[in-house]
Amino acid sequence: MRERQDHARPGCAMQHTALRKHGLRAGFLFANFFLIVMALYQLKPASRSLFIDALGADMLPWVWIGTAAAMTAVISFYNGLVERMSRLRIVLGSCLACMIMLALFWLMLGRPGPLGAAAFYIFVDILGVVLTEQFWSLTNSVHTLEEGKSWYGLIGTGGLLGGLISGAFGGWLVSRAGLATVDLLMVAAAIIGAIFGLTWLMGRLGLYCEAEATVKEKVAAGSPWAILRNRYLALIAVLLLLGQLASLFVEFQFMKTLEQTITGRDARTAYMSVFFSIMSLVAIGVNLTLTPLVVRLKGVLAGLLVQPVVMGVCALLYMAHPTLLFGSLAKISDRGLSYSINRASRELLYVPVDPVVIYQAKAWIDMFGYRLFEVLGSLLILAVTQWASAPMGLPGISAFTLAACGAWIAIVLLMRQEYSDVVME
């Protein structure tokens, strides 16, 4: 057994102890995640709409490959920062950098061209990963496993509520208030400014004091590749990367079907904004009902099985009826469940791990590993839809989604013993 050290602020365990009651801290984290997702849901519809308008959905696999290359450089720089600086300062610095970049993109995309649209798409993807994973890494470091089971559903709901409000708000700004798609960038910059202020306040109040470890630490900090050689983390990696692969196939089907069904940049932006709002509403319902029921009564691994099962069913429905309705339903089964029951369940897998290792492992699994599989998935999509002598239609891609979901379920079942060993149950 080993006690975790507080990396957020020296001596903070002695200060503001009343504010670190579980409910109050969860409320602050709820608000923080609310703002993060609210900012992202201003940017995602804008980035997708601008990209389709400038290059077309068939070019999506190429920009995903570009994202993977850019993320490789970002993760190397990020890991170096984690070793030299406090994680709280890294989060604050990331917020400032994002605000500056959004202002520059807003100026550049006044007259969007292919290069600017592709660069902005890549930037939004990286921003989404960085802000979200930084938030969860800090959150994991201040909770024990039992606390996480009690509070992660509520905290995750903050992000879902942010998506619900932001999607509806973004759709209203574009369709009713007269803003152009590119103006959503400055709306997001203002929200990220609020994230900066709230994160700074939480650090000053000592809300990021790390929890004492309650399980045996089986992983030591060191080389990222050494971390991934640990069987427990390796299984987590495979689990999450299969989910990323399935998500990629669903995303391509959804975006291509959207391009074929709705014309006009601002019309697509408005549709995607409302769609993200509906997706968040579904996820909130899951988080408030299914997540606590399954995770607390059946366990973390049962929670991890829900998404691949539902995604498999939706893949079959899209295969039979390749319309925007069923493409949207498949997308909701992917992101809606990923942001609710799957998110709460998978974050609990990290709680037994030392905070420094959480940062390193999540950085390589969630950022670098995701992008590696993004390249593989993108090449597969290009091979079957553009390079093959007899190109595959959109419904056929559902077969790859089904295969990924089947392997995903198998890995969850394989994790039973490893998870039991780590938490010493």
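User: In this predicted model, is S333 buried or exposed, and what is its relative accessible area?

Analyst: Residues count as buried when their relative accessible area is under 20%. S333 falls under that cut-off, so it is classed as buried. Its relative accessible area is 5%.

User: Which residues outside its sequence neighbourhood is S333 in contact with, and in which helix is its place?

Analyst: S333 has its place in helix 11. Leaving aside neighbours within four places in sequence, its contacts are Q307, V310, M311 and C314. The helix asked for is helix 11.

User: Which backbone oxygen lies 2.6 Å from a polar atom of the S333 side chain?

Analyst: A polar contact requires N or O atoms within 3.5 Å. The S333 side chain has a polar atom 2.6 Å from a backbone oxygen, and that oxygen belongs to A330.

User: How many of the 15 residues of helix 11 are buried?

Analyst: Helix 11 spans residues 324-338. Its buried residues include L324, G327, A330 and S333, and what covers them includes helix 8, helix 9, helix 10 and helix 12. Helix 11 is largely enclosed by the rest of the structure, because the number of its residues that are buried is 12.

Technical notes: Residues numbered from 1 in each chain as written. Predicted model: local features only at pLDDT ≥ 70, side-chain atom pairs only at ≥ 80, totals over all residues. Heavy atoms only, no water. Helix = DSSP H or I, 4+ residues; strand = E, 2+ residues; numbered from the N terminus. Expected span 1.5 Å × (residues − 1). Buried < 20%, exposed > 50% of the residue type's maximum accessible area, 1.4 Å probe, protein only. Contact = heavy atoms within 4.5 Å. Polar contact = N/O pair within 3.5 Å; in protein donor to acceptor, adjacent residues only side chain to side chain.
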